[in-house]
Amino acid sequence: MPENNHLVYLWSGASVILGLLLQIVPLSAAVSAWRQQFLLLVVLYWLFRNPFQHGVTFAWLVGLLLDGVIGELLGRHAMTFALCAYSLRLLQQRIHLFGVVHQTVVVAVLVLLSQVMLYSLTLVFRVGWNGDL
């Protein structure tokens with residue numbers, strides 16, 4: 001069944017806003033370390049669902065939106081979302097042939113890659129760091 005392009009963009013925009021709200025909801029300090037990457041999961045879903053309408057630029061713009069909303073280093077989430085989107089696009093043909101368990105493992109690896117990139121960029125670009133570990 002062909003989908004209407006306007007409806008796809010409407011649903012993707014609504015899901016990005018919902019993911020953004022879930023991403024910025026305040027949590028206690030004990031639970032905040034276990035916060036899910038809701039917006040990254042939304043981006044990966046739309047890249048998997050409509051790879052020709054949502055691409056690396058979509059992921060980069062959503063990451064830039066998240067950086068602007070939470071007020072962190074501009075481009076940190078944008079770079080990690082774009083890297084995860086590019087990795088998913090490289091595996092796009094094969095992932096559709098995988099089972100649900102294997103697709104879940106691929107998404108978990110992409111989220112782990114995102115977390116490693118975020119922490120690495122924070123370590124490198126933090127204020128007052130002179131290169132000592």
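User: Hi! What covers the buried residues of α7?
Analyst: Hello! This is a predicted model, and in it the cover over the buried residues of α7 includes α3, α5 and α6.

User: Which residues of α7 are buried?
Analyst: They are Val106, Leu110, Val111, Ser114, Leu118 and Leu121.

User: How many residues does α7 have, and what is its reach?
Analyst: α7 has 26 residues and reaches 37 Å from its first C-alpha to its last.

User: What about α3, what span should its 12 residues have?
Analyst: At 1.5 Å a residue, α3 should span 16 Å, and its end C-alpha atoms are 16 Å apart, so the two agree.

User: Which α3 residues are buried, and what covers them?
Analyst: The buried ones in α3 are Leu39, Leu40, Val42, Val43, Leu44, Trp46 and Leu47. Their cover includes α1, α4, α5, α6 and α7.

User: Now the largest nonpolar core. How many residues does it have?
Analyst: It has 22 residues, and Leu39, Val43, Val62 and Phe81 have the most contacts inside it. The helices α1, α3, α4, α5 and α7 each give two or more residues to this core. The largest share comes from α3, with 7 residues.

User: You named Phe81. What is phenylalanine 81 in contact with?
Analyst: Leaving aside neighbours within four places in sequence, phenylalanine 81 is in contact with Gln37, Leu39, Leu40, Val43, Ala59, Val62, Gly63 and Leu66.

User: Switching to the surface: which residues make the nonpolar patch?
Analyst: Ile17, Leu21, Ile24, Leu65, Val69 and Ile70 make a nonpolar surface patch of about 490 Å². Helices α1 and α4 each supply at least two of the patch residues.

User: Where does leucine 65 lie, and why is it called partly exposed?
Analyst: Leucine 65 lies in helix α4.

User: Last one: where is glutamate 72 found, and what does it touch?
Analyst: Glutamate 72 is found in the loop between α4 and α5. Not counting residues up to four places away in sequence, glutamate 72 touches Asp67 and His77. With a relative accessible area of 36%, glutamate 72 is partly exposed.

User: And how far apart are glutamate 72 and threonine 122? What are the figures in sequence and in space?
Analyst: Glutamate 72 and threonine 122 are 50 residues apart in sequence, and 9.7 Å apart in space, C-alpha to C-alpha.

Note on methods:
Residues numbered from 1 in each chain as written. Predicted model: local features only at pLDDT ≥ 70, side-chain atom pairs only at ≥ 80, totals over all residues. Heavy atoms only, no water. Core = buried A, V, L, I, M, F, W, Y, C linked by side-chain atoms within 4.5 Å. Buried < 20%, exposed > 50% of the residue type's maximum accessible area, 1.4 Å probe, protein only. Helix = DSSP H or I, 4+ residues; strand = E, 2+ residues; numbered from the N terminus. Contact = heavy atoms within 4.5 Å. Expected span 1.5 Å × (residues − 1). Patch = residues over 30% accessible without salt bridge, like charges linked within 9 Å, V, L, I, M, F, W, Y side chains within 5 Å. Areas by Shrake-Rupley, 256 points an atom, 1.4 Å probe, with all protein chains shown as cover. Salt bridge = Lys/Arg side-chain N within 4 Å of Asp/Glu carboxyl O.
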